[in-house]
Amino acid sequence: MNTQLSVNINKIATLRNARGGDYPNVIEFAQRAQEYGADGITIHPRPDERHIRYKDARELRPVVYTEFNIEGNPIQKFIDLVLEVKPEQVTLVPDDPDQITSDHGWDTIKYKHHLQDIIKEFKKKGIRTSIFVDPDLKMVEGAVATGTDRIELYTESYASEFAKGNKKIVKLFSASAELAHQLGLGINAGHDLNLNNIRYFKEQVPYLDEVSIGHALIVESLIYGMENVIKMYQEKLKG
């Protein structure tokens with residue numbers, strides 16, 4: 001099956017914010033990423049708006065003609081933003097306010113009722129929901145009860161171990177994807193995936209609907225250019 005590539009443009013906003021002003025322009029880069037072959041655009045606004053801002057989400061909506069995916073911790077401000085912007089997908093991530101980046105998935109058993117209530121609100125607006133989970137079969141099973149449409153497998157551990165030469169860890173992700181598919185869930189994945197490790201992950205993890213890649217893709221674009229990098233990812237995902 002084809003796996004969709006969603007480009008996370010948070011790092012474009014980080015670069016912009018470092019100097020103030022509006023250069024580089026996140027709207028322009030979202031448009032370019034889509035023109036170059038991205039299947040979607042992902043943003044992850046945080047409460048302090050240190051990279052993508054809530055204003056960006058509103059301005060991106062009219063120009064994202066592929067799939068718009070908004071990630072974040074479902075505090076009320078985030079929920080209100082998503083309900084207003086109405087992206088094709090919302091990905092719920094259990095971030096702490098001061099985290100530099102996401103570092104764990106949901107405890108889908110402990111937070112079942114919390115997630116159920118939030119997901120119901122998004123489904124009323126026709127927004128597909130995904131929740132961030134670790135490659136843990138109990139957490140995958142628990143995700144079903146929340147009412148989510150998909151899970152997003154948190155892939156930091158895969159990327160870290162792959163870089164050390166340990167490919168066996170991918171079995172955790174394969175098993176999680178198999179179970180999720182059996183339970184009727186779609187499967188996304190993201191965090192620290194890059195041009196070196198994406199092909200093996202795609203080959204080993206079945207039923208992979210979508211990957212969201214930001215930091216590595218932007219760094220790789222500094223070397224090869226964004227158009228080339230997006231094409232390289234697409235070749236590895238669909239080749």
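Start with α4 and α5, which are roughly parallel to each other (the label for angles under 35 degrees; over 145 is roughly antiparallel, 65 to 115 roughly perpendicular, and the rest oblique). Select residues 76-85 for α4 and 112-124 for α5: the helices pack at about 20 degrees with their axes 10 Å apart. Those axes are lines fitted to C-alpha atoms over the stretch in contact, with angles running from 0 to 180 degrees between N-to-C directions. Helices here are DSSP runs (H or I, at least four residues), strands are E runs of at least two, and both are numbered from the N terminus.

Before moving on, note that this is a predicted model: local features need pLDDT of at least 70, side-chain atom pairs count only at pLDDT 80 or more, and totals for chains, interfaces and linings use all residues. Residues are numbered from 1 along each chain as its sequence is written, and side-chain values use heavy atoms, with hydrogens and water left out.

Now show side chains. Ile 79, Val 82 and Leu 83 of α4 meet Ile 118, Glu 121 and Phe 122 of α5, where contact means heavy atoms within 4.5 Å. That gives 5 nonpolar, no polar and 1 charged residues (Ala, Val, Leu, Ile, Met, Phe, Trp, Tyr, Cys and Pro count as nonpolar, Asp, Glu, Lys and Arg as charged, and the others, Gly among them, as polar). The crossing of α4 and α5 is right-handed, which is the case when the near helix is turned clockwise from the far one by less than a right angle, anticlockwise being left-handed.

Next, pick α6 (137-146) and α8 (170-182), packed at about 25 degrees with axes 9 Å apart. With that angle, α6 and α8 are therefore roughly parallel to each other, and α6 passes α8 in a right-handed crossing. Leu 137, Val 140 and Glu 141 of α6 touch Ala 175, Ser 176, Leu 179 and Ala 180 of α8. By class, that contact has 5 nonpolar, 1 polar and 1 charged residues.

Two backbone spots deserve a click. His 191, in the loop between β7 (186-190) and α9 (198-204), has a positive phi of about 115 degrees although it is not a glycine. Then go to Pro 24, in the loop between α1 and α2 (26-35); the peptide bond from Tyr 23 to Pro 24 is cis, with omega near 5 degrees.

Which helix gives the largest share of the lining? That is α10, with 5 residues.

Finish on α10 (215-224) and α11 (226-238), whose axes come within 7 Å and cross at roughly 125 degrees. The pair is therefore oblique, and the crossing is right-handed.
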